[in-house]
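Me: I am new to this structure and would like a close look at a single part of it. Could you walk me through one residue and its surroundings, and then show me how that part sits in the whole?

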Amino acid sequence: MNCFQPLWTGAGAFIMHLCSFSEPSFLLSLSQLPCGAASACLRGKSEHVYPVDEMQRMAELLELRDECGEGTSGAPALAGSCLADNRLNLDVYPDGCRRFLRLFKEQQGEVVQVEFLRLSSNDCLLDTTLGSLPHLKHLKSLVLKGGHARDEFGSYQHGSLTSLPPDFGNLSCLTHLDLSFNRLSTLPSCILHLPSLRVLLVSHNSLVTLPEDFGRLSKLTFFSAMKNQLKDLPQSIGELSMLQNLDLSENALELLPEQIGNLHNCTELDLSGNRLLSIPDSLANLKSLHRLHLHSNLLVTVPASLASLPNLSRLDLQNNCLRAIPAEIQTLPFVHIRGNPLGETEPSLQPDKSGTRRLKRLFLASGEGSFTVTSEGCRVVLACGIHFYFPPGAASEPLQIRFRSLTPDPQWVKLRHHDVLLSRVLELQPHGVQFQQEVQIWMPYISPQTPHQHEVVVRTFSEQSWSDLKTRVKKRRKSKKCVAYCCVLHFSWFLVVSRLVQNECKVPAEGTLLFSSVDPNIKVIFPPGVTKEPRSVKLQVLPVCAEEIQEITASAGCRASPLLCLSQDSTVDFLKPVRIQLPLPPGVTGLNLDQSQLHILHGDLEGQSWNDITSEVVLEFTHLYAVFEVTHFSWYWLWYTTKTYIGGIAKKVYERLRLYQVNFIALQRKKDPEQVLLQCVPKHKVDPVLKKLQNRYRGPEPSDMVEMFEGEQFFAAFERGISIDMDRPDCVDGRLSFIFYSHLKNMKEIYVTSPVDRKGQAVKGQVSFYRGAVPDSIPEDASRRRKGPDSLWLATLPIKLPQLKPRWDESPGPLYGFSFPPLNLGNAETGYLTQANLLSIARRVGADWQNIGLNLGLTYQQIERIGYNNREDLNKQILDMLFSWAQQNSEDPGCVSKLIRAMQESGRQDIADEVEAIIELGRQKYSESIRRVGLEQESSTEDSAIAMT
C-alpha cells in the first residue's frame, strides 16, 4: 500500500494523514524511554537554548530506548514498549485495548499522567476501555479511530464506536480528538463540554446533523466532518470564532446558514461533494480565507463578492451547474471552473421534441473520490479514463456516487480457465441502489494478445458471485485506447476480462443449431424433443496450434482438433443425444484416416481429468469432420496419435496451454542504487521493457524463463545482507507479495537497506523469487510438483549496494550519530531558530513527521528514503527529516514562516505556537539589544533632539 497521496495541502493534508497512516511503522511513539529518562528529557520544555553538556546528556538519554526491549512479553517490557514518555500508542497492536487495561491496572499512577493516547476502535474491548479514559486528567490528544481492519474486499472497516461516556467531558486538558472511521450517528453531547478542544475529527461516520449548541466549542481551530450524511448546519457554527480549517466535504448539505460568514479566522473551507444550489453572500466576510472548495455541488450561481476576498488563492467551482459566472470571478487566475455548462441556456420547460439535450459534464481530478448525480443526469469523466453516462431520470433525487480503483486480489476475483485480466477493479458505491434507467460505464482496458480467440467483457460481482455483462468495445480515435462499454441498473464491483469467445442460444423443445463464430466448422445440433423446457446453452472454442502440440508432446505424430467447451444452465441431461461436429486434426482427412489412432477425449469443467470415450460413442466421419453424439456437456477434444495413454498427454497439454512464459528482472536506479525495481514480465515483452528502462536503471540480465498461471501469487525475498521494511502491507513473512497477471504491470519499486556497515565495503546481496499459494483448480500434477521448499524457488538475481561515501550526516556526533553545521534559521530582526530549538521541536513531532515533511516541501522520495534509512528508530527519522529541510533552507529568510505554516497545515498548531513563541522571544531580545546600544530609531531621534538643545 502506498501511504502517501499526491494531494497534501491544508485541511485535506491533515485528514488524509489521519486516514492513511494506520500501519505500525508509522505509529510508533516519539521516544520510547523509561519513565525516569522520559521525565529527564521533558525538563527544559520551554527552554530553547541548551548548553553543550545538556545536549550531550539528552542524546545519551535518548539512546536508552534501545535497551528497553521492544515487543518482549511481561509487564515491565510491556511498559517499556508501550508506555513511552507521555505517549501511549496502542492502535498498532491488535490487542491494544487489552494492553491498556493491563497497564491501567498495574501502572495506574503512570498511565493517568499520559497526555497522548491512540487506540483502535476496531478493538473488541473498546467499550470496556472507554470507562477508564475519563481518569486520564492530563490527556491532551486522543485518537479512537477505526479503519485498522479490512474486509474480504480490501475495504477499511469502520470502528464500533457509537457513543462516549458522559464524564468524558471532564477531560479539561484535551485539545485534539479524532473519532474518524466510526459509526457515530449523532455527536456525543459530552464533546461540547471539552473546554480546551482545538482539533476535532469525525470524518467517515454517519452524522446526519450537528448539535444546535455546537458553537460552544469556542476554541476549535480545526474541524473535519467529511464523508458523513450532514443535511444542514446549526446557526451556532458561526460562533466558532477561532476556527481556521473547516472540512464538510462529501456530505448531503443543501443550504448553508448565513452565520457561516462569521468565521473570520477561517483560512480553508471545503464544501465539495455536497448538494448546494447556492452559497450565502456572507462568505465574502471571510477575509482570512485562502482556499475555498465548492466543486461537485449543484451550484447555479455564486456571489460576485467572492472576488473581493483579499487572501483567496484557490477557488474551486468545478463540476457544478453554473451557466454564468460573474466576470469579477471568472478573470481571477486561481479560479477553476471546468465541468460547468457555461454559456448554455436554461433547459426549456416544454418537452424537447428532438429528444436530445446536452447533459452536464463532470471532470474529476485524481484526488477526488465522489460526485453527485441529480435527476437531470450527467456525464462523468474520471482522471483514470473511466466514463459514466447517467441519463435524465436515472436518479430520482440527488445521489452521491463514490468510487475507487482496487488492486485485484485472487482470493475474491475468481478467473475462469483461459480468462485474462485486463483492468484493475472498479468499485462503485452505494451498493444495491437501483437506478430508474440504465447507467452506462466505459472502462479502459489493455488490448489482449489473441483478439480472434477471445472476447472482452465487463464482469461484475453481485449476489456473492461474478457474472459477465453484455459488453461492447471500441477504440478511441484520439488516444487509441480500448474501452469496454456496458449498462447496469445497480452499482457493485466491475473489472474487464478477456474470455474465450462465447456463443449462446436458447434451446427450445423443437431443437436448434449452434455453431462457433471462431471456427464455423464446429457445430452442435439439437434434435426435436431434446428438452421439455427451454434451456440456455453456451459454446466456447480454444484453437490449438499444431506446432505447440508437437513441442509439448515431443512427437511429430501427435495432432489435435480445437478444444470445445459446452455448458448449460440446467443440471438435467438432455432427453435425446446431441450431435457434435468437430473438424479432424490438421493433416488428417477421411481418405487417409486410421480410426485406431483417433480418440475422442472428455474432460471435466476444471480440466483435471481427461477420459478417452472413443469406445462409448458412435463415430461418423466425412472427408473433413468427425461427428458423435452426447447427452451431457463438458470439454471435448479430438486427438490423432499412436500413443496409448492419451488422457495423461492431453492433461499435460491442457495445463501448458494455461501457462505463461515469463522472466524476472531486478534493476537499480543509476542515481540511487538503493531504489530497486522488481518486475515479472511475459517473455515477449522483456526486450521492450528493458529498452524503456535502460536510461534510468541498471542491473543483471533477466532471469531464466519460468512458467506461471494467470492470477498466481509469487514472492520476492531479499537475501545475503539486504533487507526491506517488514511493516509494508504487502510484506508477508519478510517477503514481498506479487500477483501475476499477464496483461497488467507486475512491478514494484522499493527501497532496500542493509544491516551491514557499508562505510567500509559494498554489499553483494541477491533477490530470489518464490512461488506462493497454489492457485485453485490447477491440474493435480502441477500442484504435486510445487510441494516442498525446493520446488517453490523460481529464480535468483544479484543486487549490489555500493560502498557509502562520507556524508554530512554520517560522521559521529553527540546527536544519534548526526552532526550538523551550526544553524541559524531566519534573521536577527525576525528571530532565529537554532539547532537547539530544532531539537526541542523534533521531540514533539512524533508520528506526524511524514506529513510535516511533505508540507515543508520535501519530496515523497526524500521522505521514503529517510524512513528506510532510519527504519529502526523513529527519533532518527524525525531528526533526519527536520535537519535535512533546515540545511536545504538555511539561506531562505522566510524559512521560519514556512515551518510555522507547515505545522499548521499538518494539524500541529501546538508546535506552530512553540515556534512562534521562540521567534517572538528572539524579536524581543533583538529589540532590547538594539535599544541598549542606542541604534533603535526612536532612541537615535531622542538623542538628536537632546544634542540640538
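Reply: Happy to! Let us begin with a term: a polar contact is a pair of N or O atoms within 3.5 Å, where, within protein, one must be able to donate a hydrogen and the other to accept it, and residues adjacent in sequence count only if both atoms are side-chain atoms. The side chain of Thr460 makes such a contact, reaching the backbone oxygen of Trp493 at 3.0 Å.

Before going on, please note that this is a predicted model, in which local features need pLDDT of at least 70 and side-chain atom pairs count only at pLDDT 80 or more, while totals for chains, interfaces and linings use all residues. Residues are numbered from 1 along each chain as its sequence is written, and side-chain values use heavy atoms, with hydrogens and water left out.

Now back to Thr460. This residue belongs to strand β23, residues 454-462 (strands are DSSP runs of E, at least two residues, and helices are runs of H or I, at least four, numbered from the N terminus). With a relative accessible area of 5%, Thr460 is buried (buried means under 20%, exposed over 50% and partly exposed in between, with a 1.4 Å probe and protein chains only). Beyond its neighbours within four places in sequence, Thr460 has contacts that include Ser465, Trp466 and Leu469, as well as Ser492, Trp493 and Phe494; contact means heavy atoms within 4.5 Å. Phe491 is 31 residues from Thr460 along the chain, and their C-alpha atoms are separated by 8.9 Å.

Rings of Phe, Tyr and Trp (its six-membered ring) pair if their centres lie within 6.5 Å; planes under 30 degrees apart count as stacked, over 60 as edge-to-face and the rest as tilted. The count of aromatic pairs by this rule is 24. For Phe371 and Phe388, the ring centres are 5.9 Å apart and the planes stand at 35°, so this pair is tilted. Phe371 lies in strand β16 (residues 370-373) and Phe388 in strand β18 (residues 387-390), so the pair ties together parts 17 residues apart in sequence. Phe371 is buried at 1% relative accessible area, and Phe388 is buried at 2%.

Finally, the whole: the protein chain has 20 helices and 51 strands. Of its 949 residues, 54% count as buried.
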